[in-house]
Amino acid sequence: MVAKPQKRTPETKSSGKRTRTQLIMLVFGVLFAIAMVGSYLAPAMGIFKSVKPGDSAIIDYTIRDAAGVAVLTTSQIVLVDTYNSGDVSFLTSQMSLVGGANASSRVTAVPIYLPDGTTADFALLESDVTDLTNGILGMHEQESKTIPLTLSDLPQQMSATSADQMGINFTESQVGDRFTIAMTITDDPTIFTDPENEISYIRVGTITGKTNDTLLVNFGYSTAEVKVLSIAQA
């Protein structure tokens, strides 16, 4: 009687190779999953990082007057909405601030884009910038906040003659009208003068009072809506 040869298990030789392949694929899959999770978590990790004194922060912002109308913004949507409502606003770029730092000068020139494609400088005053640098303290990346501005009431009186010289039609002007004016700003941040050949800054004013021969115009702003985009820790 002839003994039957034992059958070989076909998987015997290849099972080791498949195991190694499976392990390699498993490790690759885990590493890929970790990389993907890391990419999703990276922005979320920003919530654990906040602005501390001395930290640098890049912000988007919109500055509004007492009536809540935007005068300066990094948002094209806000700009278009403001124009569609018949008001004046200017588009600017994102700003870099140092948390808790005082303004380095009485006037900070902020670049703005004019409708004709040129640029000009918008004037942020010392208190405006200081309010922003203090207001962002404690904010996290991607966090938004409305910061009240200290110099919300900055009244300036103009005579009828001065108003006309600056291109403001005194006769037709009414309380509540807003207008843009280019002006020089002296060492006293509350004094505005008509520029001649000197470098000037843009501000938006609102007429708050009118007599037979004078206008009272407020050049102060009330709030800044700020979003912290990124933080570089000191």
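Mentor: Contact here means heavy atoms within 4.5 Å. Please keep in mind that this is a predicted model.

Trainee: What does phenylalanine 122 touch, not counting residues up to four places away in sequence?

Mentor: Under that cut-off, phenylalanine 122 touches Val71, Leu72, Phe90, Thr108, Ala109, Val110, Ile112, Ile202, Arg203, Val204 and Tyr221. Phe122 is also among the residues with the most contacts inside the largest nonpolar core, together with Ile63, Leu72, Ile136 and Val226. That core has 29 residues.

Trainee: Which elements each supply at least two residues of this core?

Mentor: They are β1, β2 (70-73), β4 (95-98), β5 (107-113), β6 (119-125), α3 (126-135), β11 (201-210) and β13 (223-232).

Trainee: Why is serine 50 called buried?

Mentor: Buried requires a relative accessible area under 20%. Serine 50 has 13%, and therefore counts as buried. Serine 50 lies in the loop between α1 (11-44) and β1 (56-64). Leaving aside neighbours within four places in sequence, serine 50 is in contact with Asp55, Gly138, Met139, His140, Ile231 and Gln233.

Trainee: What makes glycine 167 count as exposed?

Mentor: The term exposed applies over 50%. Glycine 167 has 63% relative accessibility, so the residue counts as exposed. Its position is in the loop between α4 (160-165) and β9 (178-185).

Trainee: How many residues apart in sequence are glycine 167 and isoleucine 181, and what is their C-alpha to C-alpha separation in space?

Mentor: Glycine 167 and isoleucine 181 are 14 residues apart in sequence, and 8.5 Å apart in space, C-alpha to C-alpha.

Note on methods:
Residues are numbered from 1 along each chain as its sequence is written. This is a predicted model: local features need pLDDT of at least 70, side-chain atom pairs count only at pLDDT 80 or more; totals for chains, interfaces and linings use all residues. Side-chain values use heavy atoms; hydrogens and water are left out. Helices (H or I, at least four residues) and strands (E, at least two) are DSSP runs, numbered from the N terminus. Buried means under 20% relative accessible area, exposed over 50%, partly exposed in between (1.4 Å probe, protein chains only). A nonpolar core is a set of buried Ala, Val, Leu, Ile, Met, Phe, Trp, Tyr and Cys residues joined through side-chain atoms within 4.5 Å.
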